[in-house]
Amino acid sequence: MALQLSVFCFSNTVASGPHNGVRFFSQRTVKASGFSCQPLAPISRVNLKGKAFPGDGVPETKESSLVVCFGELLIDFVPTISGLSLAEAPAFKKAAGGAPANVAVGIARLGGSSAFIGKVGEDEFGYMLADILKQNSVNIEGMRFDPGARTALAFVTLRSNGEREFMFFRNPSADMLLREAELDFDLIRKAKIFHYGSISLITEPCKSAHIAAAKAAKDSGAVLSYDPNLRLPLWSSAESAREGILSIWEMADIIKVSEEEISFLTQGEDPYDDAVVRKLFHPNLKLLLVTEGPDGCRYYTKNFSGRVKGLKVDAVDTTGAGDAFVAGTLSQLSLDLSLLQKEDLLRDALKFANVCGALTVTERGAIPALPTREAVLDAMLQSVK
């Protein structure tokens, strides 16, 4: 299940070139990385060798349960030794990352149907990322390659307890430059669920593309899923982050937030207070989820609310845990949206999602650690013995 990652030591950084266009297709041949996925549900397989560009070997999607994920796809560089600062780290492992892409892979790894819409640089890292999505049966028809900007990089420090700190290289990176004219609206309209974060709202032109994509999905009857995924260093200020995240709040049908994000959005109020959480529940919201790390999650609907316990594990790296939880939740909802009205079935789905998150923190990196459905079900069985 682990991605075979290379170890890098860096003496300089990658600089972004000027943005001077985009390419939907490339003649570049990319060598596939050693990464495989074995979902239990039958998903159409393709030849994964060769060129990595939109339309080349795209897996057949199950339109009735398709989850389309919109946003950033990047490279996470993770220190090989935990508990050190970036300056102290002797080396880094590269891993695919970006919350929406993590969710897309997580869903496919669990046997579901997913697609990713976003932009990377027309560079080695961009092609590597496209190849990884392809290998994991993610539809990449909506992926674009920019010859004038680099693929985004994030250096992620791992503290001794597995918690993270981030340093980003985006000046600007290709994901920030996705334009509305480059969107695959046919793919968006096929979505049963359309999932996104807030990082794509930070700058233009991606902000306008994000809003246009979400509106098209909503107009076509898709359920909108929103994970703010707060990354303060990327915003110009805390206030701009709060305003940006809340600017699209009432569009979403499903919202997932962390305790930290509740405190941030409510300007310091108690995230454990149900009355505080309910302030974030807008009239059209179908489900509000609050993740609590190893303690599990809370859920809120118009008619019921409660808590589902998590699975206790030894955390190595918490990167991608929230994305794995979202993938677990959406993989279940994409098959049966009536779970939103049936508390017992929703609780079962959230138990599954909690285990997805727990298993992800036992390995380094986000995508490399995302579990298969078989691994999740096995862990759930072991936990009740």
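Helix α1 lies across strands β4 (66-70), β7 (113-121) and β11 (193-196), and its direction makes an angle of about 150 degrees with β7. The model is predicted. Helix α8 lies across β4, β11, β12 (223-226), β13, β14 and β15 (297-300), at about 155 degrees to β13. The points below cover the sheet and then the pair of helices.

**The sheet**

- Nine strands make up an open sheet with mixed pairing, in the order β8-β7-β4-β11-β12-β13-β14-β15-β16.
- The edges are β8 (139-146) and β16 (305-308); each has a single partner strand, so one side of each has no neighbour in the sheet.
- From one strand to the next, the twist averages 15 degrees.
- Strands β13 (residues 254-258) and β14 (residues 287-291) run parallel and are joined by five bridges.
- Within this pair, Ser258 stands opposite Thr291 of β14.

**The helix pair**

- Helix α1 covers residues 99-109 and helix α8 covers residues 321-333; their axes come within 8 Å and cross at roughly 50 degrees.
- The crossing of α1 past α8 is right-handed.
- On the α1 side, the contact is made by Ala99, Asn102, Val103, Gly106 and Ile107.
- On the α8 side, Asp323, Val326, Ala327, Leu330 and Ser331 take part.
- Sorted by class, the contact between α1 and α8 has six nonpolar, three polar and one charged residues.

How values were computed:
Residues are numbered from 1 along each chain as its sequence is written. This is a predicted model: local features need pLDDT of at least 70, side-chain atom pairs count only at pLDDT 80 or more; totals for chains, interfaces and linings use all residues. Side-chain values use heavy atoms; hydrogens and water are left out. Axes are lines fitted to C-alpha atoms, for helices over the stretch in contact, and angles run from 0 to 180 degrees between N-to-C directions. Helices (H or I, at least four residues) and strands (E, at least two) are DSSP runs, numbered from the N terminus. A crossing is left-handed if the near helix is turned anticlockwise from the far one by less than a right angle, and right-handed if clockwise. Contact means heavy atoms within 4.5 Å. Ala, Val, Leu, Ile, Met, Phe, Trp, Tyr, Cys and Pro count as nonpolar, Asp, Glu, Lys and Arg as charged, and the others, Gly among them, as polar. Two strands pair if DSSP finds at least two bridges between them.
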